[in-house]
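Here is a short briefing for a first look. Please keep the sequence and the 3D view open while you read.

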Amino acid sequence: MTDTSPRQILDALCAADSLVILGHEEPDGDCVASQLALAEFLSSRGKRVGVYSAGPFNRYEIRAYAGRFRPAIEADTLRRKPLAVLLDCSSPKRTGSLAAQLAGLRTVVIDHHQPGPPGTPDADFGDLRLVDPAAPAAAYLVQLILESSGDPLGSELAELLLLGLCTDTGFFCHIPAGSTAAFEAAARLVAAGASPRAVHQGIYGGRSFAHRRLLGALLQRTERFHGGRVLFTYQSLADLRPLRDGPAGNDELYQLLRTVDGSDVLAFVRERRAGEYSVSLRSAPPVDVAAVARQFGGGGHRQAAGFTWTGTVHALRTLLIGRLAPQTE
Ligand code: 5GP
Ligand code: MN
């Protein structure tokens with residue numbers, strides 16, 4: 001998918017003295033792990049490196065890392081004209097409030113999302129691009145870049161990269177036949193000292209009772225459309241009030257609803273601020289929800305995509321359910 005090799009990316013990164021590493025807003029385990037692993041590697045080589053994210057760090061498995069990210073690139077850092085690295089996304093827009101700060105910076109893009117058609121920002125942005133939609137995670141691409149140095153990965157770095165790989169593969173549940181790359185990469189990380197047990201506990205452990213009850217409420221309000229092929233549910237800000245530990249990830253909800261007999265698309269809507277929603281789409285092959293998300297200005301992968309919606313849940317539901325009909329009926 002790309003002509004640039006991991007080694008060429010490594011050489012470009014190592015040629016810079018100062019780097020800023022950015023990821024997408026509403027980061028997930030893959031984004032956070034990729035950014036931090038790359039930053040740690042480059043710092044250990046004497047580079048000046050900062051990691052930046054617009055946040056919010058809501059997902060349970062990444063909250064522990066929130067303090068290591070800054071919300072904006074400092075003016076004195078920008079004056080040094082750092083090399084920018086865009087991870088787990090391909091366009092400035094996906095970095096949210098950081099987008100304007102990328103203007104005029106030489107940028108390396110490392111991503112595994114399906115790029116939009118030629119001419120759109122996520123297909124063309126960046127001076128050097130390693131964009132491979134077949135890669136199981138952005139962390140996998142970072143692993144290839146770091147491994148191309150020939151240096152062994154320490155156990156901490158290896159465990160970060162395993163967190164990224166496990167997040168995006170649903171702990172290896174979403175991998176099609178013949179795709180051995182994620183397993184081979186995981187084996188190398190475990191050999192370097194990463195613990196799958198610790199990573200699993202970090203992603204799925206430690207939920208409060210209130211979180212489990214919220215999961216019940218979201219299941220209760222799930223509606224079915226198009227003969228049960230499309231499932232739709234939503235979470236409001238009011239739902240989050242009883243949670244002292246903030247909103248958690250939604251993987252358990254996806255897992256429970258994606259496995260409902262006869263359904264092949266799940267839409268989950270989360271209220272982020274009054275009148276503003278993050279919409280997550282999940283599908284079973286061959287339904288391509290990235291194409292649907294793009295119709296709403298978003299994007300993602302064929303089986304996991306998303307977009308932002310401003311308006312009411314009612315209007316969104318009507319429009320989205322309509323757009324999901326032709327593919328699924
Ligand atoms: P999630 O549902 O976990 O937030 O996102 C699923 C996938 O879709 C992720 O790979 C994420 O990067 C992508 N995605 C989510 N929201 C957006 C969006 O607004 N724009 C784009 N381009 N991708 C999105
Ligand atoms: Mn990813």
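Glu 74 is partly exposed, at 23% relative accessibility. Here, buried means under 20% relative accessible area, exposed means over 50%, and partly exposed is in between (1.4 Å probe, protein chains only). The model is predicted: local features need pLDDT of at least 70, side-chain atom pairs count only at pLDDT 80 or more, and totals for chains, interfaces and linings use all residues. Residues are numbered from 1 along each chain as its sequence is written, chains are lettered from A and ligands numbered from 1 in the order in which they are written, and side-chain values use heavy atoms, with hydrogens and water left out.

**Salt bridges**

- The structure holds 14 salt bridges; the term means a side-chain nitrogen of Lys or Arg within 4 Å of a carboxyl oxygen of Asp or Glu.
- Glu 74 pairs with Arg 70 in one of them, at 2.5 Å from N to O.
- Arg 70 is partly exposed, with a relative accessible area of 35%.
- Another salt bridge joins Glu 147 to Arg 188, at 2.9 Å from N to O.
- This pair links distant parts of the chain: Glu 147 sits in helix 5 (residues 138-147) and Arg 188 in helix 7 (residues 181-191), 41 residues apart.
- Helices (H or I, at least four residues) and strands (E, at least two) are DSSP runs, numbered from the N terminus.
- Glu 147 is partly exposed at 25% relative accessibility, and Arg 188 is partly exposed at 36%.
- Arg 207, Arg 212 and Glu 252 form one network, joined by salt bridges that share partners.
- Arg 7 bridges to Asp 11, with the closest N and O atoms 3.2 Å apart.
- Both Arg 7 and Asp 11 lie in helix 1 (residues 6-14), 4 residues apart, about one turn of the helix.
- Arg 7 is partly exposed at 40% relative accessible area, and Asp 11 is partly exposed at 39%.

**The manganese ion**

- Four protein residues supply the donors of the manganese ion (ligand 2): Asp 30 (OD), Asp 88 (OD), His 112 (NE2) and Asp 168 (OD), at 2.1 to 2.4 Å.
- Donors are N, O and S atoms within 2.8 Å of the metal (3.2 Å for Na, K and Ca); water is not among the atoms, so sites may look incomplete.
- Along the chain, the donors follow the spacing D-x57-D-x23-H-x55-D.
- Asp 88 lies in the loop between strand 3 (83-87) and strand 4 (107-111), while His 112 lies in the loop between strand 4 and helix 4 (121-124), 24 residues apart.
- Asp 88 is buried, with a relative accessible area of 1%.
- His 112 is also buried, at 2%.

**Ligand 1**

- The shell around ligand 1 has 14 residues, and Arg 94, His 113, Ser 280, Arg 282 and Gly 299 come nearest.
- A residue counts as near if one of its heavy atoms lies within 4 Å.
- Strand 9 (276-283), strand 10 (299-300) and strand 11 (304-310) each supply at least two residues of the shell.
- Strand 11 gives the largest share, 5 residues.
- A polar side-chain atom of Ser 280 lies 2.6 Å from an oxygen atom of ligand 1.
- For Arg 282, the corresponding distance from a polar side-chain atom to a ligand 1 oxygen atom is 2.8 Å.
- An N or O atom in the side chain of His 301 is 3.3 Å from an oxygen atom of ligand 1.

Methods:
Polar contact = N/O pair within 3.5 Å; in protein donor to acceptor, adjacent residues only side chain to side chain.
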